[in-house]
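Q: I am new to this structure and would like to start with one part of it. Please take me through that part slowly, and then show how it compares with what lies elsewhere in the chain.
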Amino acid sequence: MIISLLGYMGCGKTHVSKLLSEKLDFEYVDLDAEISKKNRMPVSDIFEKKGEIYFRKQEREVLEELLAAKNNAILSLGGGTPCYYNNMEALNHRSLTFFLMTPVPVLTDRLRRHKIKRPLIAKVPDEELQEFIAKHLFERNPYYSQARYTINCAGKSPDQIAEEITSLVF
């Protein structure tokens, strides 16, 4: 079984994935980290040096490899992963998908502190960040909403979210 967590950057996919991995004794797999390892450079450098189109192709290849090879794994996806190629279809076919739905103000607060590490928002001025996130999330929601389960993360701790996912799976 593979459990895939998806949602906008800053929604807590990494944190919740690590908690689930420990709780269920499943392997933790971060898609962006696997792409970085394959390319021998950080995601931000891949975007900068090779462009987003190259990154999305790499993302698709690595995702296919992971979905075919892994078992008993928690897969933490990049925020854009569900929105390209037929990634959402592949994810729903080969894993249990969970959309971590998080309010825009919460995402804005979290991301404002870590913009430099996020290629898509690194150059967005702070005063425009919330509007950018809201628009981007609106564009991505049709993909995110295809997840088998949607977890409303408003006011919940990562532990509570992991517990909710566990209760839905087992």
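This is a predicted model: local features need pLDDT of at least 70, side-chain atom pairs count only at pLDDT 80 or more; totals for chains, interfaces and linings use all residues.

A: Residues are numbered from 1 along each chain as its sequence is written, and side-chain values use heavy atoms, with hydrogens and water left out.

Helix 3 covers residues 43-50, and its buried residues are Val-43, Ile-46 and Phe-47. Helices here are DSSP runs of H or I with at least four residues, strands are runs of E with at least two, and both are numbered from the N terminus. Buried means under 20% relative accessible area, exposed means over 50%, and partly exposed is in between, with a 1.4 Å probe and protein chains only. Viewed down the axis of helix 3, the buried residues fall within an arc of 95°, so they line one face of the helix. The arc is taken over the directions from the helix axis to the C-beta atoms. An α-helix has 3.6 residues a turn, so residues three or four places apart point the same way. The face of helix 3 turned away from the buried side carries Glu-48 and Lys-49, which are exposed.

The cover over the buried residues of helix 3 includes helix 2 (31-39) and helix 4 (52-69), where contact means heavy atoms within 4.5 Å. After helix 3 comes Gly-51, with a positive phi near 90°.

Helix 2 has a buried side too, made up of Leu-31, Ile-35, Ser-36 and Asn-39. Down the axis of helix 2, these buried residues fall within an arc of 140°, so they line one face of that helix. Their cover includes strand 2 (27-30), helix 3, helix 4 and strand 3 (73-76). Arg-40 is not a glycine, yet has a positive phi of about 55°. At 77% relative accessibility, Arg-40 is exposed.

Helix 4 contains Gln-58, which is buried with a relative accessible area of 8%. Not counting residues up to four places away in sequence, Gln-58 touches Ile-35, Lys-38 and Asn-39. Ile-35 and Asn-39 are among the buried residues of helix 2. Further on, the loop between helix 4 and strand 3 holds Asn-72. Asn-72 also has a positive phi, near 50°, in a residue other than glycine, and at 37% relative accessibility Asn-72 counts as partly exposed.

Elsewhere in the chain there are helix pairs to set beside this part. Two packed helices are described by the angle between their axes and the distance between the axes. Axes are lines fitted to C-alpha atoms, for helices over the stretch in contact, and angles run from 0 to 180 degrees between N-to-C directions.

Helix 1 (residues 13-24) packs on helix 8 (residues 158-169) at about 55°, with the axes 9 Å apart. That makes the two helices oblique to each other. Angles under 35 degrees count as roughly parallel, over 145 as roughly antiparallel, 65 to 115 as roughly perpendicular and the rest as oblique. The crossing of helix 1 and helix 8 is right-handed; a crossing is right-handed if the near helix is turned clockwise from the far one by less than a right angle, and left-handed if anticlockwise.

Helix 6 (residues 104-112) and helix 7 (residues 126-144) pack at about 130°, with their axes 9 Å apart. Helix 6 and helix 7 are therefore oblique as well, and helix 6 passes helix 7 in a right-handed crossing. The contact divides into 8 nonpolar, 2 polar and 2 charged residues. Ala, Val, Leu, Ile, Met, Phe, Trp, Tyr, Cys and Pro count as nonpolar, Asp, Glu, Lys and Arg as charged, and the others, Gly among them, as polar. Lys-135, also in helix 7, is exposed at 54% relative accessibility.
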